Amino acid sequence: MSAAPSTARGRLPRQIPFIIGNEGCERFSFYGMRNILTPFLITSLLLHLPEAQRPGAAKDVFHSFVIGVYFFPLLGGWLADRFFGKYHTVLWMSLVYCLGHLCLALFEHDPTGFYIGLGLIALGAGGIKPLVASFVGDQFDSANKHLAKPVFDAFYWIINFGSFFASLLAPMFLRHFGAAVAFGIPGALMLAATFVLWLGRHRYVMVPPSPPDPDAFSRVLRTALLSQAPRQGPAQARPGLWLAGAGVLAAVAALAMTPALGVVIALCLAIVALIGGVGGGAWLQLERARGRHPDAAVDGARNVLRVLVIFALTTPFFSLFDQKASTWVLQGNAMAAPAWFHPAQMQALNPLLVMLLIPFNNLVLFPLLRRRGSEPTALRKMTAGIAFAGLAWIVVGGYQLLLDDGQALSIVWQVLPYLLLTFGEVLVSATGPEFAYSQAPASMKGVMMSFWYLATTIGNLWVLIANAAVRDQAVTGHIASTGLSVDAFQMFFFAAFALLAALAFGAYARRYCEVDNYRAA
């Protein structure tokens with residue numbers, strides 16, 4: 001292990017400010033371009049489409065981009081864990097990230113160049129996403145791990161500090177200076193983020209990549225799937241292998257439907273089928289790996305699979321959360337607002353509220369709950385967070401009913417759903433990375449964080465599928481029979497989706513036993 005100069009026991013590592021400074025600049029960069037993407041597409045790059053089709057096309061581009069951002073953590077986590085380590089992977093992916101921003105600034109009128117830029121940003125942002133948070137965790141050991149939780153909160157706070165100013169200023173840059181400047185400034189911030197990370201290079205604890213491990217997670221799963229039950233023939237009692245095979249066939253079927261579904265939806269459905277089939281099949285036969293692998297490896301694999309269920313149940317939350325930058329902006333366009341105010345600027349409320357709610361929760365709400373005998377564990381927080389997201393969408397659905405009836409509404413009314421959604425966010429998104437890190441075996445830190453971010457990919461997949469469904473005349477005819485507009489129906493649908501997920505999450509969490517996988521001092 002390459003380590004920084006030793007840190008006094010129980011003291012905050014001196015290298016943490018470099019990582020947090022890097023994250024603040026990077027988040028300004030990312031949210032600066034992300035939060036103006038939908039309005040830019042509608043008013044510039046998609047002008048060749050009929051006006052009625054532009055909002056739907058913009059939402060498809062936006063959520064496809066977000067899917068890419070949260071899919072590429074799988075690649076970044078794998079490269080870091082197996083080859084380059086977290087620091088070097090983050091540094092090199094950051095340079096790809098900077099190149100993507102340059103493409104956005106240079107090709108504002110060229111769809112091909114612009115979409116290449118989005119792809120590079122998705123690769124760079126996604127590639128570093130699982131690693132920065134786990135890199136923070138690497139700076140702690142058992143002597144000062146009690147400081148990790150507040151640092152992860154500070155880490156999430158600085159993300160929202162950057163996001164707040166990006167959300168507030170980027171729409172102004174777009175309106176007053178044009179797309180080249182509006183996309184160029186986030187690029188400059190990303191270059192600054194890379195420089196800040198590089199400055200701390202001699203201080204970091206650098207956990208080396210894991211060597212080939214005969215008892216790695218994937219090898220344990222393969223052994224479990226292929227092993228025969230004791231005293232049975234080669235063709236007998238392999239339900240897990242049959243389930244894994246069904247997952248593979250379902251993935252192939254999804255890819256075969258690419259012409260009808262589109263590349264993004266087909267690929268995401270294939271990933272869901274593979275993970276579900278192989279993971280579920282291995283779970284059924286995992287005990288067969290004992291004897292061929294140490295008990296610790298088998299128990300670790302079982303724990304990873306249990307955590308993946310937790311992640312899967314958070315996907316409805318992310319399907320709601322990311323639509324604040326698409327569906328909620330489009331709803332804001334139909335609301336009354338001052339001439340100087342752009343509806344996309346309402347997104348600045350989200351990080352501002354996060355910066356207020358995190359200290360409020362830690363200093364007021366959580367201590368109050370503890371004094372009353374209710375410990376706010378990570379899984380309890382996440383259960384409540386998913387439910388609050390569902391409540392937020394009930395509110396925006398109510399607003400949509402009023403707008404559909406021709407009533408005028410001020411955009412100020414969006415403050416309430418933003419408050420509900422953001423409260424849900426700090427309970428889910430601020431809790432999830434630390435939870436994922438703490439539950440992961442040492443050899444799976446980066447990949448486990450990648451699976452956490454993959455939950456956002458799947459959440460945005462549900463949005464794309466819902467958007468595709470409402471283009472079908474049979475579906476829209478059924479919606480019309482309810483007396484609701486398509487927009488209102490989708491809002492209430494997503495609200496119900498989240499509330500049902502919260503119930504399922506809470507039921508599963510009651511049976512989940514947390515573990516502690518921080519490294520020893």
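This is a guided tour of a predicted model, going from the whole chain to single residues.

Residues are numbered from 1 along each chain as its sequence is written. In this predicted model, local features need pLDDT of at least 70 and side-chain atom pairs count only at pLDDT 80 or more, while totals for chains, interfaces and linings use all residues; side-chain values use heavy atoms, with hydrogens and water left out.

**Whole chain**

Start with everything selected, in cartoon view. The protein has 20 helices and zero strands; helices (H or I, at least four residues) and strands (E, at least two) are DSSP runs numbered from the N terminus. The radius of gyration is 23 Å, close to the 24 Å that the globule rule gives for 521 residues, so the protein is as compact as a globular protein of that length. That radius is taken over C-alpha atoms, and the globule rule is 2.2 Å times the number of residues to the power 0.38. The C-alpha trace spans about 70 × 55 × 55 Å along its principal axes.

Switch to a surface. Of the 521 residues, 55% count as buried. Buried means under 20% relative accessible area, exposed over 50%, and partly exposed in between (1.4 Å probe, protein chains only).

Among contacts between residues at least 6 apart in sequence, 82% join residues at least 24 apart; contact means heavy atoms within 4.5 Å.

Now colour by charge. There are 35 positive and 25 negative side chains, and the centres of the two sets lie 8 Å apart. Lys and Arg count as positive and Asp and Glu as negative, with His and the chain ends not counted; each charge is placed at NZ of Lys, CZ of Arg, CG of Asp or CD of Glu.

**Helix 8**

Select residues 217-226, which form helix 8. Its buried residues are F217, V220, L221, T223, A224 and L225. Which helices do these buried residues pack against? Show helix 9 (239-256), helix 11 (263-285) and helix 12 (295-321), which are the partners. An α-helix has 3.6 residues a turn, so residues three or four places apart point the same way.

**Helix 12: S319**

Stay with helix 12 and select S319, which lies in it. S319 counts as buried, at 1% relative accessibility. Its side chain has a polar atom 2.6 Å from the backbone oxygen of P316. This is a polar contact, a pair of N or O atoms within 3.5 Å; within protein, one must be able to donate a hydrogen and the other to accept it, and residues adjacent in sequence count only if both atoms are side-chain atoms. Not counting residues up to four places away in sequence, S319 touches G459, W462, V463, F494 and F497. For a distance check, S319 and I358 are 39 residues apart in sequence and 22 Å apart in space, C-alpha to C-alpha.

**Helix 15: T383**

Next, select T383 in helix 15 (residues 378-404). T383 is buried, with a relative accessible area of 19%. A polar atom of its side chain lies 2.8 Å from the backbone oxygen of L379. Beyond four places in sequence, T383 touches A502, F505, G506 and A509.

Move to helix 18 (residues 445-469) and pick S450. Is S450 buried or exposed? S450 is buried, with a relative accessible area of 0%. Leaving aside neighbours within four places in sequence, S450 is in contact with P73, L74, G77 and P130. The C-alpha atoms of S450 and S481, 31 residues apart along the chain, are separated by 42 Å.

A468 is also in helix 18. At 35% relative accessibility, A468 counts as partly exposed. Its C-alpha atom is separated by 46 Å from that of R201, 267 residues apart along the chain.

**Helix 19 and its ends**

Finish at helix 19 (residues 473-481), where D472 caps the N-terminal end. A side-chain oxygen of D472 lies 2.9 Å from the backbone nitrogen of A474. A474 lies in helix 19 and is exposed, with a relative accessible area of 58%. Just after helix 19, select G483, which takes a positive phi of about 85°.
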